[in-house]
2 protein chains.
Amino acid sequence: MGGKKMHTEIIAVGTEILLGQIVNTNAAFIARRLAGMGIDVYHQTVVGDNQQRLTEVIEIAAKRNDLVILMGGLGSTPDDLTKQTVARFLGKNLVEDAAAMKKIINYYAASEKEMTANNRLQAQYIEGSTPLKNETGFAVGEYYQNENGCDFLLLPGPPSELQPMFTNFAQPLLHKQYNHENLLFSRVLRFFGIGESLLVTKISDLIDEQSNPTLAPYAKTSEVTLRLTASAVNEQTAKELLDKMEKKVCSRVGEYMYGYGDDNTLVATVVAKLMQENLSITAAESLTAGAFQAALGNVPGVSHIFPGGFVTYANNAKSSLLDIPADLIQRNGVVSETTAKWMAQKAKEKMKTDIGISFTGVAGPEALEGNEAGTVWIGLAFKEQPVQAELYHFARQRSLVRERSVLTGLDWIRRELLK
Amino acid sequence: MGGKKMHTEIIAVGTEILLGQIVNTNAAFIARRLAGMGIDVYHQTVVGDNQQRLTEVIEIAAKRNDLVILMGGLGSTPDDLTKQTVARFLGKNLVEDAAAMKKIINYYAASEKEMTANNRLQAQYIEGSTPLKNETGFAVGEYYQNENGCDFLLLPGPPSELQPMFTNFAQPLLHKQYNHENLLFSRVLRFFGIGESLLVTKISDLIDEQSNPTLAPYAKTSEVTLRLTASAVNEQTAKELLDKMEKKVCSRVGEYMYGYGDDNTLVATVVAKLMQENLSITAAESLTAGAFQAALGNVPGVSHIFPGGFVTYANNAKSSLLDIPADLIQRNGVVSETTAKWMAQKAKEKMKTDIGISFTGVAGPEALEGNEAGTVWIGLAFKEQPVQAELYHFARQRSLVRERSVLTGLDWIRRELLK
């Protein structure tokens, strides 16, 4: 990456974290981003809103690091002590950021609430540091470059303020500071159908040899993301580095990759593709009980291609809502290829859509018709193709069986659309 | 609480946390439990799988605490160094737990996998400590009571192992150790429809004065829990203390309380009540697109009272699936009292259930028919009562509007069932 190798500590300040009332997701967010920049984090610390203990934690951190990142305690309550404590540690005064101050004054003028002295504090920063704009709140952040020791980065505690401030202002500054003239460019690859450990195994040599771009895997409940971060003099060079690495990654695990981006999801990818091809969709859901359609409903604009559908939880609902002969279900079993196919086909016909998908299976914990929990048939009536059905065994707890069923159905549609 | 006041530090050991690949939820879990026991946590720390840095962190923690809790690094890979490092710090050897060793040997015998020397390590503990049984894994935990300084508690990293070990073995031991002969009893109260800050404000005097029972609030996305923990010589005395405190709490915020227990949910409470009274239910969902029914489907056994229902996302689905006259929807608007009432009533009639509920509104981000995002009508056809509808304004992002709609519908049914 060039530049000197940084040792960094992330300190969250807040009694509510010490009490376990909130989970320290900020630390994971910042850590992932720093990993992408090639900056080493050797310690994460949480300390309460207490001046003495905060001072001691800062003293320890300043000794063992080149950069200390403090999160939280920049607000306007008497509990908020972070910037005052760092200023005292550095022997510096606080000064006021005129733009931030104006924003606070305007807010209180408009809201007719009374402004207190504490509110002014949110616009203050340590003399000599670079204030960082808070686009989604009032408290300014700041970056203090220390000629005589450890540097400090101060960020607000609420994730809705911390994340944009870090992405838009702190990250470019850190990168410039520790990596000289290069710029940083990231690309997030998203995978479904492969676990984190298998993905990491398949690209372990790329991870071991990583330098530029860096690779940072991150596991969510049912998917994995891989963040590639390139350092380069311009966007074109970065793009070439990222393209090359993506190609290497995809030669190993490309079949599981469904899309790009931090805020993307499998359902958003599938809905975008369906809207692009103007293909409408419906569903008949038994064990998932509406979860597939609810997932579709979470994508804005989906009403263009999704009119609605059926939740057929009990057998008689499959007969009454979808006109599937009761004796057919009885003969084949509710968890069967035939029932899954009829559900998909009938839903498609009734809603006059291009695609009908169905889910019937055993969410558990009890077995059903001799099928173990986790047994799921998915049916797919795709355009003019003959209706298909596939059998899955998801050996997990009830809620995961249902979630995995929904995602597997979406992934099947994604694969059909690629053909 | 009696006993000496403990200063405690929670240390998570794991490079994957430092890299931000996983979020440190263990720290929040342990912190909440300790808060309930009246044990103060002043520091939380994360350090990687590195012997030198782990040793330094232990040295610092041992100086400033009476008890240090280490989580993770008890497994069988070469990265796992926690118990060896603590043993070295204490100048102690490792010894083997016969029962844990037998479990490991039996597993490898049955699975025909090869057992390595590292696997034996999982059954070892520091000489002089009390080993803690791992009911859901192989690595034993341990509690080391130190006559010459800080005590140590070592727990496995996976939450599925850490949580039962802490609840069933570590917590009773800590309580006995630091609180003498008393036993610890907890009760979790669950609230919907009130935010954490308002709840805390309404019982702030009880929180400020807390000693026995202690009170620990915890905010989730759309609900708040309050854990009461009493220390007493027997269960009867604890029950009296908890009853008394619950009564005080409920005199302030009782109308928002829907149930008890760590693993309880609003939907589980409502489904249990419906099953108890043998009342069947269906739904017609527009903006929620199946999310209400999917929530019902997450409760085992719900098929006894939930046959299925309708997702009527587009207007024509409301007409075609529910036989609501198209001109009625057009005249009143899709987001209207009339449409909500018809949807609930028609769904109930078609599925022949005791209860029909409907959701129609604007999930956002765009407005609809002049209604802002967050505008939601919920309709309820409850037994033989005239169908009702209520208007809500949820001013949040799309996914939260839909989640809040579902929970508000459930809470409405809960209130009707109480009448």
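Visitor: What area is buried between domain 1 of chain A and domain 2 of chain A, and how much of it do carbon and sulfur atoms give?

Guide: In this predicted model, the two domains bury about 660 Å² between them, and carbon and sulfur atoms give 62% of that. Arg32(A), Gly36(A) and His175(A) supply 71% of the area that domain 1 of chain A buries against domain 2 of chain A, more than any other three residues.

Visitor: What makes these two parts of chain A separate domains?

Guide: The bounds come from an automatic or database domain assignment, which gives domain 1 as 8-177, domain 2 as 183-260 and domain 3 as 266-418. Taken over C-alpha atoms, the centres of domain 1 of chain A and domain 2 of chain A are 30 Å apart.

Visitor: How do you know which residues of the two domains are in contact, and how many are there?

Guide: Contact asks for heavy atoms within 4.5 Å. By that test, eight residues of domain 1 of chain A touch seven residues of domain 2 of chain A.

Visitor: How many salt bridges and how many polar contacts are counted between domain 1 of chain A and domain 2 of chain A?

Guide: A salt bridge needs a side-chain nitrogen of Lys or Arg within 4 Å of a carboxyl oxygen of Asp or Glu, and the count here is zero. For polar contact, the count is one residue pair, both at pLDDT 80 or more. On the domain 1 side, helix H2 (25-36) and helix H7 (159-179) of chain A each supply at least two residues. H2(A) gives the most to that side, with four residues.

Visitor: Now to the two chains. Why are strand S14 of chain A and strand S14 of chain B called paired?

Guide: Pairing takes at least two bridges. Five bridges join S14 (residues 308-312) of chain A to S14 (residues 308-312) of chain B, so the two strands count as paired. They run antiparallel, and Phe310(A) has Phe310(B) as its bridge partner.

Visitor: How many residues does each chain bring to the contact, and what area do the chains bury?

Guide: Chain A and chain B bring 58 residues each. Together they bury about 4300 Å², 59% of it on carbon and sulfur atoms.

Visitor: What does the rule find across that interface in salt bridges and polar contacts?

Guide: The rule finds zero salt bridges, but 24 residue pairs in polar contact, both at pLDDT 80 or more. Strand S2 (residues 40-47) of chain B gives the most to the side of chain B that touches chain A, with seven residues. That side divides into 33 nonpolar, 19 polar and six charged residues.

Methods: Residues are numbered from 1 along each chain as its sequence is written. Chains are lettered from A and ligands numbered from 1 in the order in which they are written. This is a predicted model: local features need pLDDT of at least 70, side-chain atom pairs count only at pLDDT 80 or more; totals for chains, interfaces and linings use all residues. Side-chain values use heavy atoms; hydrogens and water are left out. Buried area is the accessible area (1.4 Å probe) that two parts lose on being put together, summed over both. A polar contact is a pair of N or O atoms within 3.5 Å; within protein, one must be able to donate a hydrogen and the other to accept it, and residues adjacent in sequence count only if both atoms are side-chain atoms. Ala, Val, Leu, Ile, Met, Phe, Trp, Tyr, Cys and Pro count as nonpolar, Asp, Glu, Lys and Arg as charged, and the others, Gly among them, as polar.
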